[in-house]
There are 2 protein chains.
Amino acid sequence: MTIAPATTTAAVTAAAAISRLSLNQRTTNAWTLPEAVDGCLRAGIPAIGVWREPLHAFGVAKARALLDDAGLRVSSLCRGGFLTAIDQSERRKALDDNRAAIDEAAALGTDVLVLVVGGLPEGSRDLPGARSRAADAVAELAPYAGERGVRLALEPMHPIFTADRGVPATLGQALDLAEQFPPEQVAVVVDTFHVWWDPQVEQQIARAAGRIAGFQVCDWITPLPADTLLSRGMMGDGHIDFARLRRAVEEAGYTGDIEVEIFNAEVWAADPDQVLRQMKDRYLAHVWRSLR
Amino acid sequence: MTIAPATTTAAVTAAAAISRLSLNQRTTNAWTLPEAVDGCLRAGIPAIGVWREPLHAFGVAKARALLDDAGLRVSSLCRGGFLTAIDQSERRKALDDNRAAIDEAAALGTDVLVLVVGGLPEGSRDLPGARSRAADAVAELAPYAGERGVRLALEPMHPIFTADRGVPATLGQALDLAEQFPPEQVAVVVDTFHVWWDPQVEQQIARAAGRIAGFQVCDWITPLPADTLLSRGMMGDGHIDFARLRRAVEEAGYTGDIEVEIFNAEVWAADPDQVLRQMKDRYLAHVWRSLR
């Protein structure tokens, strides 16, 4: 019996880990889509999470050709959602925009459209009402998505964003909604920043088996930066035990891409190539800390 | 049959509502304890939540005499807790300090000691471990509290504070711990700021029947102020539906004091007498909006 030396095992494992790494485009916010594609190629990162604004700036058909030529997987399209409007014309506009986003995801060849569901409408304090309207809108979009081979990936959001970004506050609540639909229509995204604090996170990740459409990582840092939208940290700079959450999504059967999504003014001001190098190092050191 | 005119009914109800209003001392952070007592008397506020630092500055025995003379109820003593240390000498120091806080609550004649359980120790990412240590410390303190007629009132904290202030992130999690002890030893505090976002808030408040030792109110405002510790808003300035949560705690049988606890730089910079006037108005307009 031959036992491979530890260095070889580690090298193989690092390569396997990197084969699942994806750059969410917001992490290198200064880059256009072609710049981000080139950056991934230089850094040996095999997948990218695309955002709609830079996608529109470049063009969907051109983007598909560029990504295919580069051989990059598209791990997700970010994002649809904002489905909580009370006003009927706003609601129709949001539904139309989400159908366009579903079409774009299909055109890009990804089956994951991340949904940030939306917060309380201006002046409203009716949280159960907003949650109910979001559920109605998802019901309207789900068959349209499924017919195009796209899963609506509900993103439960940290309660810091309940008022203004996303009313589903826990993975359990997102699953309560998702489970009303076939898993090929509605799924969830597990983002460490949003779920790490949840006392039920492990049970709910286990419950999500078959419905995990994405796993996103970034850290919870303190003190929280003044702009809460830019409060995400590079893995290792904060308080999250990434390996624990990675193991939980693996035990739930998820073997897909792991996107690094960091909204942070300091990260955005840094040289993007340097950000990608640090991101790879930190990903191996923290997300894959406890290799099994 | 005589039906009282609506104005009379409203006036009686406002008086009944004010009879349950308590000033948490932090809301008027610039005032010493005797200044806060005088302020409550001027404003017709019948109860006060006392903080330990100003209590120590004035003296516990003197404070008891002052409060008795003024005829003010003490709705709570804030606060014990910070029970998550790994280091054994730190842990012993925290337990000693909490026993002192229990003695102070008993000396003041309140049966409520609010516990802010504590966050992750410096450099630790082991959230389940911190939760487990907090539970062990509560087990050590609970009989001591019960023997002195004081309830340890666990305060589940908004997940914005999981890393650095309080590891119990939901009312459900606080109840999982509290229910291991008799309700006269360990109870919970329901603070609107901490729980309003929780999809399970109504079920968990119902579950808390018999264990609600306090109900605190302040608002969730956006954009969140830069210092998250000072991010609480005056009722009506934010997104919380207070009447819904008040009804839930009432349906769970809670008829005790309702403390207004606001950490906010603008509120602290304002004239405290004016803050008390606004607090009374907003309390009636928002916490008691839907009179039943």
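**Close-up views of a predicted model**

View 1. Just after helix 6 of chain B, Gly149(B) adopts a positive phi of about 70 degrees. The model is predicted: local features require pLDDT of at least 70, and side-chain atom pairs count only at pLDDT 80 or more. Residues are numbered from 1 along each chain as its sequence is written. Helices (H or I, at least four residues) and strands (E, at least two) are DSSP runs numbered from the N terminus. Within helix 6 of chain B, a kink of about 35 degrees occurs at Leu141(B), shortly before Pro143(B); the bend is the angle between axes fitted to the seven residues ending at a residue and the seven starting there.

**View 2. Start and burial of helix 6 of chain B.** A side-chain oxygen of Asp126(B) comes to within 2.9 Å of the backbone nitrogen of Gly129(B) at the helix start. Buried residues (under 20% relative accessible area, 1.4 Å probe, protein chains only) include Leu127(B), Arg131(B), Arg133(B) and Leu141(B). Their cover includes helix 5 (88-108), strand 4 (112-116) and helix 7 (171-178) of chain B, contact being heavy atoms within 4.5 Å.

**View 3. The barrel of chain A.** Eight strands form a closed barrel in the order 1-2-3-4-5-6-7-10, with parallel pairing. The twist averages 30 degrees from one strand to the next. Strand 2 (residues 47-51) and strand 3 (residues 73-81) of chain A are joined in the parallel sense by five bridges, where pairing requires at least two DSSP bridges. Ala47(A) is opposite Arg73(A) of strand 3.

Terms used: Chains lettered and ligands numbered in written order. Heavy atoms only, no water. Buried < 20%, exposed > 50% of the residue type's maximum accessible area, 1.4 Å probe, protein only. Polar contact = N/O pair within 3.5 Å; in protein donor to acceptor, adjacent residues only side chain to side chain. Axes fitted to C-alpha atoms, helices over the stretch in contact; angles between N-to-C directions.
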